[in-house]
Amino acid sequence: MQAVILAAGRGTRMNELTAKIPKPMLEIEGKSLLEYKLEAMPDEVAEVILVVGYLGNVIRTHFGESFDGKRIAYVEQKDLNGTGGALWLTKNILKDRFLVMAADDIYAREDLEHCAQGPGWKMLVQQLPEIHRAGSVLLGNDGNIDHIVESSAEDAARLEPGIASTSLFAVDTRLFTCPLVPKFQGSLEYGHPQTIVAAAHQLGIPLEPVFTDQWIQITAPKDLVVAAEILKKIKK
């Protein structure tokens, strides 16, 4: 099995923290955000594809061609047209079923293992008291993912409860027979969550929600502090 980690963005909400290093290389408790992802990879994953962009050489130099026995391949995203555009750059490398996830958030290994179990399409989600900047997931009558509404700059501080997208999926290469979908109406960026949900409908593939309470979203500097406290508690 393969896994794709989308690590091309700068992370502008991190302000000066990403002036000299890309957001996935920011550290919490002495370990980079990207390293947390690599350590959480299930045994089924033999190759990880890193889509890099902003200061991608920092990531390449640090991790090289392998990590913990897993091969690492690199794809460069020069046109920063969203996570959907980043994922599409890997379509000629991917062979069958694969995981795809954001490079900055922190995921639990058991959640990745659950998603890796095939053969269906899965999406990791979390029930939150306040959605904030996360994509809002709507379930259909059958209990599967029906729709996702991404936040825009205007409504990013949403305080209502809901099911949040963690941007982690298990899908297969049938995805690439479908068109890319913008993050939200009028956006110039394509979103991989929106594209995957639309593709599931088009192909008639159920997209199963996998609920977690261990996802740690990293969008702003204060999230690094919160994440450090959560990880300390987990270690205890």
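Predicted model: local features only at pLDDT ≥ 70, side-chain atom pairs only at ≥ 80, totals over all residues.

Q: What makes helix 6 stand out in the lining of the second largest pocket?
A: Helix 6 gives the largest share of that lining, 8 residues.

Q: How do you know which residues belong to the lining of the second largest pocket, and which of them are closest to its centre?
A: A lining residue must have an atom within 4 Å of a point of the pocket. The second largest pocket, with about 810 Å³ of space, is lined by 32 residues, of which Trp 215, Ile 216, Gln 217, Ala 227 and Ile 230 are the closest to its centre. By class, this lining holds 17 nonpolar, 5 polar and 10 charged residues.

Q: How much space lies in the largest pocket, and what lines it?
A: The largest pocket holds about 1100 Å³ of space. Its lining comprises 43 residues, and those closest to the centre are Arg 13, Thr 83, Asp 104, Lys 183 and Glu 189. Two or more lining residues come from each of strand 1 (2-7), helix 3 (83-88), strand 11 (162-172) and helix 5 (192-203). Sorted by class, the lining has 14 nonpolar, 19 polar and 10 charged residues.

Q: Why are the buried residues of helix 2 said to lie on the same side of that helix?
A: In helix 2, which spans residues 56-63, Gly 56, Ile 59 and Phe 63 are buried, a label that requires under 20% relative accessible area. Because these residues cover an arc of only 60 degrees around the axis, they are placed on the same side of helix 2. The buried residues of helix 2 pack against strand 1, strand 3 (31-32), helix 1, strand 4 (47-52), strand 5 (66-67) and strand 6 (70-76). Just after helix 2, Gly 64 takes a positive phi of about 65 degrees.

Q: Why are strand 9 and strand 10 called a pair?
A: Pairing requires at least two bridges between the strands, and 4 bridges join strand 9 (residues 136-139) to strand 10 (residues 145-149), so the two strands qualify as a pair, and they run antiparallel. Val 137 stands opposite Ile 148 in strand 10. In the hairpin that these strands form, 5 residues lie between strand 9 and strand 10, and Gly 143 takes a positive phi near 85 degrees.

How values were computed. Residues numbered from 1 in each chain as written. Heavy atoms only, no water. 1 Å grid on protein atoms, 1.4 Å probe; cavity = no way out; pocket = protein on both sides within 12 Å on 5 of 7 lines; lining within 4 Å. Points joined across faces, edges and corners; volume = space filled by probe spheres on them. Nonpolar A, V, L, I, M, F, W, Y, C, P; charged D, E, K, R; others polar. Buried < 20%, exposed > 50% of the residue type's maximum accessible area, 1.4 Å probe, protein only. Arc of directions from axis to C-beta. Contact = heavy atoms within 4.5 Å.
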